[in-house]
Amino acid sequence: KAIKHAKEHLLKPTAQMIPARVRVMAMGIESTEIFQNYRVSQSAGFDVREFNEFSLKGYVGIHLDKMAYRAITRPTPVFSFEFKNLPGAEKIDLDLEITADGIRHAIAYWFELGLDADTVITSGPGLPKLSSWKQAIQITETPANYRKGERAMLSVHHDESAIWFNRR
């Protein structure tokens, strides 16, 4: 909304926007640590999974490099657009190839900002030094077991303020 407002009320039509473009990347991850921080299953011998209804529904910002996790898909481009031509709400189908046997506990996603034709900065995992930017993590409601070579089929949505993933 801030970019839309700036374009409509503050910028000249010929203004150079920095950053100029964005690409959102995503990958499926296995992380019992992250999953157990946001989902419950048993307590004192009782099944308490119904309490997950009150748990986080959107995403949480996490430095993946500070957590125990393992990628089970490759980082995959999801959305790309120029800030001069912001799209409205969109939905796409995403087909992630599973690259390692594992349990998908979450989808991790981050951005790559194009500042100009040659300069890109990212908030992705594996940076040489941790930054103030974290990766967005959407925890799976129900973990899914996958074997290498299988496909994880998702639908991905965005509006002016959020991105979210659903199982197809």
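Visitor: Which glutamate forms a salt bridge with arginine 39?

Guide: Happy to start there, with the reminder that this is a predicted model. In the pair, the closest N and O atoms are 3.1 Å apart, inside the 4 Å limit for a salt bridge. The partner of arginine 39 is glutamate 141.

Visitor: How many residues apart in sequence are the parts that this pair ties together?

Guide: Arginine 39 sits in the loop between helix 2 (32-38) and strand 2, while glutamate 141 belongs to strand 10. Because of those two places, the bridge ties together parts of the chain whose separation in sequence is 102 residues.

Visitor: What distance separates the C-alpha atoms of arginine 49 and arginine 39?

Guide: Arginine 49 lies in the loop between strand 3 and strand 4 and counts as exposed, at 52% relative accessibility. Leaving out residues up to four places away in sequence, arginine 49 touches Val40 and Ser41. Arginine 49 and arginine 39 are 10 residues apart along the chain, and their C-alpha atoms are separated by 7.7 Å.

Visitor: Which residues make the nonpolar surface patch of about 360 Å²?

Guide: One member, phenylalanine 51, is placed in the loop between strand 3 and strand 4 (60-62). Phenylalanine 51 has a relative accessible area of 55%, so it is exposed, and patch members need over 30%. The patch is made by Val40, Phe51 and Phe54.

Visitor: How many salt bridges does a search of the whole structure find, and what is the closest N and O distance for arginine 23 and glutamate 112?

Guide: The search of the whole structure finds eight salt bridges. In one of them, arginine 23 lies in strand 1 and glutamate 112 in strand 8, so the pair ties together parts 89 residues apart in sequence. Arginine 23 is partly exposed, with a relative accessible area of 31%. The closest N and O atoms of arginine 23 and glutamate 112 are apart by 2.7 Å.

Visitor: Which residues do salt bridges that share partners join into one network?

Guide: Arginine 151 forms a salt bridge with aspartate 95, the closest N and O atoms being 2.9 Å apart. That pair links strand 11, where arginine 151 lies, to strand 7, where aspartate 95 lies, 56 residues away. Arginine 151 is partly exposed at 41%, and aspartate 95 is partly exposed at 36%. Through shared partners, the network joins Arg74, Asp95, Glu97 and Arg151.

Visitor: Which residues touch the most other members of the largest nonpolar core?

Guide: That core has 17 residues. The elements giving two or more residues to it are strand 1, strand 6 (76-82), strand 7 (90-97), strand 8 (102-114), strand 10 (135-146) and strand 11. Apart from it lies another core, of 13 residues, including Met25 and Trp110. In the largest core, the residues that touch the most other members are Val78, Leu94, Ile107, Tyr109 and Phe165.

Visitor: Which residue has a side chain joined to histidine 157 by a polar contact of 3.3 Å?

Guide: Histidine 157 is found in strand 11 (residues 151-158) and is buried, with a relative accessible area of 15%. Beyond neighbours within four places in sequence, its contacts include Phe79, Glu90 and Trp164. The side chain that makes the 3.3 Å polar contact with histidine 157 is that of asparagine 166.

Visitor: Where is the alanine that has a positive phi although it is not a glycine?

Guide: Most residues other than glycine have a negative phi. Alanine 44 has a positive phi of about 50°, and at 71% relative accessibility alanine 44 counts as exposed. Its place is the loop between strand 2 (42-43) and strand 3 (46-47).

Visitor: Is the peptide bond from isoleucine 18 to proline 19 cis or trans?

Guide: Most peptide bonds are trans. Proline 19 is placed in the loop between helix 1 (2-9) and strand 1 (21-30). With omega near 0°, the bond from isoleucine 18 to proline 19 is cis.

Methods:
Residues are numbered from 1 along each chain as its sequence is written. This is a predicted model: local features need pLDDT of at least 70, side-chain atom pairs count only at pLDDT 80 or more; totals for chains, interfaces and linings use all residues. Side-chain values use heavy atoms; hydrogens and water are left out. Helices (H or I, at least four residues) and strands (E, at least two) are DSSP runs, numbered from the N terminus. Buried means under 20% relative accessible area, exposed over 50%, partly exposed in between (1.4 Å probe, protein chains only). A polar contact is a pair of N or O atoms within 3.5 Å; within protein, one must be able to donate a hydrogen and the other to accept it, and residues adjacent in sequence count only if both atoms are side-chain atoms. Contact means heavy atoms within 4.5 Å. Patches are made of residues with over 30% relative accessible area and no salt bridge: like charges are joined within 9 Å, nonpolar side chains (Val, Leu, Ile, Met, Phe, Trp, Tyr) within 5 Å. Accessible areas come from the Shrake-Rupley method with a 1.4 Å probe; for residues, only the protein chains shown count as cover. A salt bridge is a side-chain nitrogen of Lys or Arg within 4 Å of a carboxyl oxygen of Asp or Glu. A nonpolar core is a set of buried Ala, Val, Leu, Ile, Met, Phe, Trp, Tyr and Cys residues joined through side-chain atoms within 4.5 Å.
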